Amino acid sequence: MSSGPRTYRLGEIVARLGGELAGNQDPEISRIATLESAGPGDLSFVSNPRYLKQLGATRASAVILARGQREATRLPRILCDDPYAYYARAAQLLNPDTRPVPGVHPQAVVDPGAQVAASATVGPFCHVGRGAQLGERVVLAPGCVIGEEVQIGEDGRLGPSVTVYARSVIGKRALIHAGVVIGADGFGIAPQAGRWIKIPQTGRVVIGDDVEVGANTTIDRGALDDTVIEDGVKLDNQIQIAHNVRVGAHTAIAAFAGVAGSARIGKHCLIGGAARIMGHIEIVDGVTVTATSFVTKSIRTAGTYTAVLPAEPAREWAKTIANLRSLGRLPRRVSEGETRKKPGGRKGKR
Amino acid sequence: MSSGPRTYRLGEIVARLGGELAGNQDPEISRIATLESAGPGDLSFVSNPRYLKQLGATRASAVILARGQREATRLPRILCDDPYAYYARAAQLLNPDTRPVPGVHPQAVVDPGAQVAASATVGPFCHVGRGAQLGERVVLAPGCVIGEEVQIGEDGRLGPSVTVYARSVIGKRALIHAGVVIGADGFGIAPQAGRWIKIPQTGRVVIGDDVEVGANTTIDRGALDDTVIEDGVKLDNQIQIAHNVRVGAHTAIAAFAGVAGSARIGKHCLIGGAARIMGHIEIVDGVTVTATSFVTKSIRTAGTYTAVLPAEPAREWAKTIANLRSLGRLPRRVSEGETRKKPGGRKGKR
Amino acid sequence: MSSGPRTYRLGEIVARLGGELAGNQDPEISRIATLESAGPGDLSFVSNPRYLKQLGATRASAVILARGQREATRLPRILCDDPYAYYARAAQLLNPDTRPVPGVHPQAVVDPGAQVAASATVGPFCHVGRGAQLGERVVLAPGCVIGEEVQIGEDGRLGPSVTVYARSVIGKRALIHAGVVIGADGFGIAPQAGRWIKIPQTGRVVIGDDVEVGANTTIDRGALDDTVIEDGVKLDNQIQIAHNVRVGAHTAIAAFAGVAGSARIGKHCLIGGAARIMGHIEIVDGVTVTATSFVTKSIRTAGTYTAVLPAEPAREWAKTIANLRSLGRLPRRVSEGETRKKPGGRKGKR
């Protein structure tokens, strides 16, 4: 989504977002930048103390620092409890969403039985099906396909070529990026006599408020009951959420993660990139799964779970894998050793 | 795809689908539901005996059971050999596909040299190229792009924004979900003097009858020969099928699985989610590959193949990985042990 | 992209592409084919010596061979240094790109403030935003959405339903396949009081010349600085490139590979399918990462890196994993063995 930048005095930013202003000047700020690439008019930040050493060389007009780092620079600065969160809010302030002109583009097709708020924007080449409801200020970028009886809450924004299948429900303030598919059939097939019978997928996808969904992610509709994404969930690109999954509120899931059918993930979880969650298991609140790890059974206790195998130089790995393969023989050799070690050193019976 | 539900007496269902009716009533059934969420008018089922205990509490009007479970409830019930397959067929009966009105939408673009059956439906914002052939009752949802000389057999249904590149062939009764890309170039590049030369991909994608393809899956065209998906194959979401792959009939592949170039997968295989198949290998009929496993060489014998590393609490995993890394030293220590263990306990020669 | 084949005499091919003609005939060649599927009029090739044995049975009219294989057949033949690269160039010669008619389709929407070269082609259902620039001979297949101020260099070709978000820059001769999303927001969120604050993603995607991007791949815009794909990079299908990544020139990345935020990959690297690169690390030039391997820390030395676990029959794997799990106990048992091995064979102190 494009955005139109504005400028603010540093003091205005503090007046709006809190924190403490330090330094003798009140420079005009037009954008946020990293310490390394910042120039005049830029506000930068240090969220990780190891970057403090870059403060001396930065050309930023001002910086955001933790309260304890007051003396780390003489630049105009904002002192706050959490510089990273402050940076996020300052960036929102400096990059407000531009709102497109409301209305339905003449080259969109909206079924007469759909309800589109007057403040909503429907781009060209969108199709909105019968009974669909688009709330106040909803924006559909070009090429979206909204199925029958879909509901999209106020301030929802869909990127180009998003598909929302029939009867899906999306809450308020959704941000759905290009190519996302919501509500396609789950993978429901039953074997019979060497062939597959399709199981109609009659559940829905129900998405709460304040959910972001990354480009080309897919969320399948439920087989009988619904697939549910609770409030505040953040999904990165190319994630697969299978039918009847539930993702708890404020959980964040990184790119390529896959959640198999009927799995339930708790609230406030962090699921790393390319992590896999087995079907029909349950993960409690507050669990972190590291990138690439495969969760094969339910997790009942909050904490971090992993099975990462770091890549090694091929020669090192060849030894590791050879040893792993030979493990089947190892215990026997050790046992033989123990047997032979009998008093007197003679080989014992086996 | 949306569907319009109908109602049936339980006896009507048995008359159509077989099985044995038990119980004194013949309730009217309007939908299928799980034991837990069912209410009046719902038909439920027990395909896994561990759910039998939920029978006492269900509010379903009737249930589908295995023949041996006749006495598990007094509810009106259908007894059959395979409750899961019966459920699938009953769900199909209760959720018949609704057929859109035939015809080409005025906001679609169909090349004059394309052949579109009069019974086919082409949605708005579809483009159908020269020489393409759409069979009887084919349905294109909005935004599909059908390349030149593509063939789609009768009763094929494509979801929104599906791309089918030139000369691809799709058999009868295909069900292709949103965002699928069929027939894009395979990844064919040849190194020369530090740069890559593109190898034109001149083969096709040829897909048999009764194939389902999940949302955002990609199937590349062959480099010289064709990429082939045989009859009855079921592909889940976000799968990648590379150039010149062959997938045998009635094989099912779960989400995120990837099949590299020129691999051949047999018939009636089950490939788990996020499984990877190396290029240029062959897998015989009847092989199961578990989720996340990587098949690196040909499989000549039917059976189950795996390399799953289950995630563990991070502290446990740290020990495992440290031990794995130290394996290179272990055998030596064991050997030293064996050497030292010589009769009399003195250290032997090495 | 469709292509119109031409025919050439074998001698004409040599005149254009180099190499040495051998054999007494100068057949007319219409296409390239594998040794196995070739027929009259086909040119085949042997890039791997193990296929030399198929030469006797091929029905090809001519073959491309390495110089040392002059005597391997009596067929008309081209002798050259690198038969695979020669095949690539011969295939390009025989399958020239057909250029669509220039112009903007009447059912496209191009903002009056966009600049579209007269030689460019904009297909139906494309949307080109304000300030976008499409260079000479750029081709947009149907359904592409080009955001505001996007630049696409000359001879770029975009497949169907490609999305390019605002301000992205794409160099010359790009080939972008269907469903690709360039410039969607990176996954930038900051935790605050149990919720996530969105971090506006204000950087761009900048792509060099001669880059190919496979179907449904996603490349996110930078958070503050840009995401950069250098010249000559080749990306396969369904790859995820996160915000602020840099991919060095002439690096090739296979399907499903994922590169996390701010990682830097060098030039002339090969990244295998489904490989994962951790965020904020650096990989030098000339590194190969094998398929499915996870690079968790910076790589400072060129070479091959891996952590492949090949799938095994389930019974074998069960032993391996049980042994891996028991590794935590193994060293202790070995130590006990060493302790017990004291001279005289009696159990020592611990």
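Copies are superposed by least squares on the C-alpha atoms of residues with pLDDT of at least 70 in both. On that basis, a rotation of 120 degrees with 0.0 Å of shift along its axis brings chain B onto chain A, with an RMSD of 0.1 Å. This is therefore the relation of a three-fold axis.

The model is predicted, so local features need pLDDT of at least 70 and side-chain atom pairs count only at pLDDT 80 or more, whereas totals for chains, interfaces and linings use all residues. Residues are numbered from 1 along each chain as its sequence is written, chains are lettered from A and ligands numbered from 1 in the order in which they are written, and side-chain values use heavy atoms, leaving out hydrogens and water.

Chain A contains an open sheet of 9 strands with parallel pairing, in the order E10-E13-E16-E19-E24-E27-E30-E33-E36. Strands (E, at least two residues) and helices (H or I, at least four) are DSSP runs numbered from the N terminus, and two strands pair if DSSP finds at least two bridges between them. Within this sheet of chain A, strand E19 (residues 169-170) and strand E24 (residues 205-207) pair in the parallel sense over 2 bridges. There, A:Ile170 stands opposite A:Ile207 of E24(A).

In chain B, helix H1 (residues 10-17) meets helix H2 (residues 83-94). Contact (heavy atoms within 4.5 Å) joins B:Ile13, B:Val14, B:Arg16 and B:Leu17 in H1(B) to B:Tyr86, B:Arg89, B:Ala90 and B:Leu93 in H2(B).
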